[in-house]
Amino acid sequence: MRIEAILDRIHEYNPQADVDPLMRAYVFAAKAHKGQERISGEPYLSHPLQVSAILTELRMDIATVAAGLLHDCVEDTHATLEEIQGHFGGEIAALVDGVTKLSRIPFSTREEAQAENIRKMVLAMSKDIRVILVKLSDRLHNMRTLDPLPENKRQLVARETLDIYAPLAHRLGIYWMKAELEDLALRSLDSEAYQDLAGRIARKRQERQGDISDVISLLERKLAEVDIKAQITGRPKHFYSIYKKMRDQKKEFDEIYDLTAVRVITDSLKDCYGTLGVIHTLWKPISQRFKDFIAVPKSNGYQSLHTTVIGPKGDPIEIQIRTWEMHRVAEEGIAAHWKYKEGRSSIDPTDQSFVWLRQIMEWQRELKDSKEFLHTLKVDLFTDEVYVFTPRGDVKPFPKGATPIDFAFAVHTDVGLRCVGAKVNGRLIPLRTELQNGDIVEILTSPSHTPSRDWLKIVKTPRARGKIRQWIKNEEGSRSISLGRDMLEKEIRRLGKSPNQLLKPETLVSILGRYGLGTEEEFFAAVGYGKVSPRQAVAKLLPPEELQALTEAEETREKERKTDRKPVRPRPPDEGVRIRGIDDILIRFSKCCNPVPGDEIIGFITRGRGVSIHTADCPNAVSLMADPERQIAVNWDGQRKGAHQVKIRVEIGKDRPGVLAEISAAISATNTNIAQAEIRVTEERTGLNTFVLEVSDLRQLQAAMQAIEKVDGVVGVERVKSF
């Protein structure tokens, strides 16, 4: 690619463009990259030239194309951002800065670096949407020239492209770029499958080419008869979409028929629906495969009619119908909204085409952890969408599986926080109900209602999840502050001292640094959460000599109490769990999963109830891990042995006399006690029985279950986590 060809392309779509900045950018880049080569041996300048050429395919303005020429100067040469700003001004410099990696900041892991780079790109994009178009063009050319890299590097770049950049191109409506990125990624990630697929597709398309030509010819004649002007073409589907369909739907290649879609481009909206009517009179439509993206556009602005019909030879044929303007938006995506003559770079809040962009910018502000932001972005990029209506008829897009709670938070945070119920299509429905395309949703609220932690298990949108977490954190924080202060005052009074004296601000200042805390509220909250023991905290508040006197007095009182007390047999704590760095704190095993020694466990600090212990695979533990401040390291104490109750379910294939006695004997043979039993026999004489066993650890439980499995007639034994 030569600079002259780039200039020619620009003059085709913008004859009045001032190309002087572009020429100066070319000279600057040529000098900066002089002597540099790519791994392939090509001059490095070939890369920024190709990136700029891709940007001209998107019909971008001079500043963006110039940024494409300069985008690697700061990262890969001695040029500085200040130099670029001095030569080309703030607009181009900001675009270059937005796509420059954070290469000068050390990161502990590659994942952290990737997360921070994506976050920085999104932040820059919030100021100027053109940043993402330069970055996508950069990635596309890198993918086109990936072969010279070592295999492990190719795999990493291809995986990142498939996870982030191809879905971004899709979300931004640049479908041709998304398709090429996916195909190139597949070629690197699974070269054998790619080559095999390429050969088979080429052969099958050749076989079906005549059939598609016949469909197009017939449709052209019928449209001409009703005076509809249209351009009709066959559009081959890209490799990755076929590969994905075979993988996701577990289909063989010979079962994939729609390798080619037919596209009809008309002059007007009226002709689109007229064409649809003609098509449905010629061939039988598959009703569940019809989508009207004209009446309800996708969130990225895409509009088209999609229908799939049974073709002349009984094979499904997908047909897309759109106007020329819709086609331009479909091909260029967000770039079609860039009006270079208006000098537009920021996002217009009223433009519906940028709804999704505004959404990810909001996450960028709310999610402080970069890795959490990247995870949220990945999840959102891959979701299918459903479109629902407000009672006033406004359309709102949501990820598939979204619930009325997601809808409520999309309307307003206060509506979400006060949501008590919902009506869908005029009927009251449970809040966990998944929304469907076309639903009309109305939210019911109450001023006294507050969110439930269980909502985190059913919401799908990052906005709803973030707002719920924020509310829970604030609520728990205020309760913990109050509870922590009460616990400290109680401990101080127990020692015969005045809380008002010991909890004065000037007294607390000395203790905050010891615990690495910044404010009194953080200190009280730490006590309330259980991170700081009240006894240890009070000990640090007292002068050493006073603490010693009080401790000696307490020991004396304890000895006096013991002499008046009858001796009792010492009973070791039954918790059997150690907490790293903390003593004298209450421990309780969660009823939702009932962990036993040997299970992998996780500890969470609760409000005023010490530490709750969950198994690592407990669903409640997974949701609690969203708040890392509450998580605490725990492990089993091998020195302590206690009885733990565990529930098991035993399924008997055919009930017979004596089978329960044999099961009981099998359990007893492992020295396991049965604390409770529930016996049920169905009409078909099968048995579904539950037992609550008392075991010391996981090994004993497994031994008991294995013994039960050997009993004749038992067809299944499983552990029931909650009871």
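**Close-up views of a predicted model**

**View 1. Helix 2 beside helix 4.** The axes of helix 2 (residues 20-32) and helix 4 (residues 62-70) come within 9 Å and cross at roughly 5 degrees, where axes are lines fitted to C-alpha atoms over the stretch in contact and angles run from 0 to 180 degrees between N-to-C directions. Helix 2 is therefore roughly parallel to helix 4, a term that covers angles under 35 degrees. Helices here are DSSP runs of H or I with at least four residues, and strands are runs of E with at least two, numbered from the N terminus. In this contact (heavy atoms within 4.5 Å), helix 2 contributes residues including Leu22 and Phe28, while helix 4 contributes residues including Val65 and Leu70.

This is a predicted model, in which local features need pLDDT of at least 70 and side-chain atom pairs count only at pLDDT 80 or more, whereas totals for chains, interfaces and linings use all residues. Residues are numbered from 1 along each chain as its sequence is written, and side-chain values use heavy atoms, leaving out hydrogens and water.

**View 2. Surroundings of Leu136.** Not counting residues up to four places away in sequence, Leu136 touches Tyr165, Ala169, Leu172, Ile174, Met177 and Leu181.

View 3. Four strands, in the order 13-15-14-16, form an open sheet with mixed pairing, and two strands pair if DSSP finds at least two bridges between them. Its edge strands, each pairing on one side only, are strand 13 (587-589) and strand 16 (631-632). Strand 14 (residues 601-605) and strand 15 (residues 611-615) run antiparallel and are joined by five bridges, and Ile602 stands opposite His614 in strand 15.

Methods: Angles under 35 degrees count as roughly parallel, over 145 as roughly antiparallel, 65 to 115 as roughly perpendicular and the rest as oblique.
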